[in-house]
Amino acid sequence: MENNQFAFLYVSQQNCSVCHAVFPKLKALLEAYPQIALGEVDGGEVQQVSLACNIFSDPALLLFIDGKEYLHKSRFV
């Protein structure tokens, strides 16, 4: 996020079928927007991310612009 004006963070869980279904669609969508950097985090392995971003259910999609959270959607996306 520090190196990109636009950054998209995808937080998922390993045992979440919805998480695995949504990520390829998100990745394909963002191919049309090369200026948006995409990062993926396993919320189960890196719980600090979920805590820091107030994520209570997965999948979670967060868009940051200039390092500030602009969009925060989770669970039903």
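These notebook entries record what I looked up in a predicted model of one protein chain.

**Entry 1. Ground rules**

I worked from a predicted model, in which local features need pLDDT of at least 70, side-chain atom pairs count only at pLDDT 80 or more, and totals for chains, interfaces and linings use all residues. I number residues from 1 along each chain as its sequence is written, and side-chain values use heavy atoms, with hydrogens and water left out.

**Entry 2. The chain as a whole**

I began with the secondary structure and found two helices and four strands. Both kinds of element are DSSP runs numbered from the N terminus: helices are H or I with at least four residues, and strands are E with at least two. Along the sequence I read the pattern β-α-β-α-β-β.

I then looked up burial, where buried means under 20% relative accessible area, exposed over 50%, and partly exposed in between (1.4 Å probe, protein chains only). Of the 77 residues of the chain, 34% count as buried. The chain exposes about 5400 Å², and carbon and sulfur atoms supply 53% of that area. Accessible areas come from the Shrake-Rupley method with a 1.4 Å probe; for residues, only the protein chains shown count as cover.

For contacts I used heavy atoms within 4.5 Å. Among contacts between residues at least 6 apart in sequence, 59% join residues at least 24 apart.

**Entry 3. The sheet**

In what order do the strands lie in the open sheet? I read β2-β1-β3-β4, with mixed pairing. Two strands pair if DSSP finds at least two bridges between them. β2 (36–42) and β4 (68–74) stand at the edges with a single partner strand each, so one side of each is left without a neighbour in the sheet. Neighbouring strands are turned by 15° against each other on average, direction ignored. For such angles, axes are lines fitted to C-alpha atoms, for helices over the stretch in contact, and values run from 0 to 180 degrees between N-to-C directions.

I next went through the pairs:

- β1 and β2 run parallel and share seven bridges; Val11 has Val41 in β2 as its bridge partner.
- β1 and β3 are antiparallel, with six bridges; Leu9 stands opposite Leu62 in β3.
- β3 and β4 are also joined by six bridges and run antiparallel; Leu62 has His72 in β4 as its bridge partner.

I noted too that β1 is mostly covered, six of its seven residues being buried.

**Entry 4. The turn between β3 and β4**

β3 and β4 form a hairpin with two residues between them. Asp66 is found in the loop between these strands. Although Asp66 is not a glycine, its phi is positive, at about 55°.

**Entry 5. The cores**

A nonpolar core here is a set of buried Ala, Val, Leu, Ile, Met, Phe, Trp, Tyr and Cys residues joined through side-chain atoms within 4.5 Å. The largest has 11 residues, among them Phe8, Tyr10, Cys19, Phe23, Leu30, Ile36 and Leu63. β1 (6–12), α1 (17–30) and β3 (60–65) each supply at least two residues of this core. The largest share, five residues, comes from α1. A second, separate core of eight residues includes Ala7, Leu9, Ile55 and Ala60.

**Entry 6. Tyr10 and Gly39**

Tyr10 lies in strand β1 and, at 0% relative accessibility, counts as buried. Not counting residues up to four places away in sequence, Tyr10 touches residues including Val18, Val22, Leu26, Gly39, Pro59 and Leu61. A polar atom of the Tyr10 side chain lies 2.7 Å from the backbone oxygen of Cys19. I also noted that the C-alpha atoms of Tyr10 and Leu38 are separated by 7.6 Å, with the two residues 28 apart along the chain.

Gly39 lies in strand β2 and counts as partly exposed at 24% relative accessibility. Which residues does Gly39 contact, leaving aside its neighbours within four places in sequence? I found Phe8, Leu9 and Tyr10. Gly39 and Phe8 are 31 residues apart in sequence, and 6.2 Å apart in space from C-alpha to C-alpha.

Methods:
A polar contact is a pair of N or O atoms within 3.5 Å; within protein, one must be able to donate a hydrogen and the other to accept it, and residues adjacent in sequence count only if both atoms are side-chain atoms.
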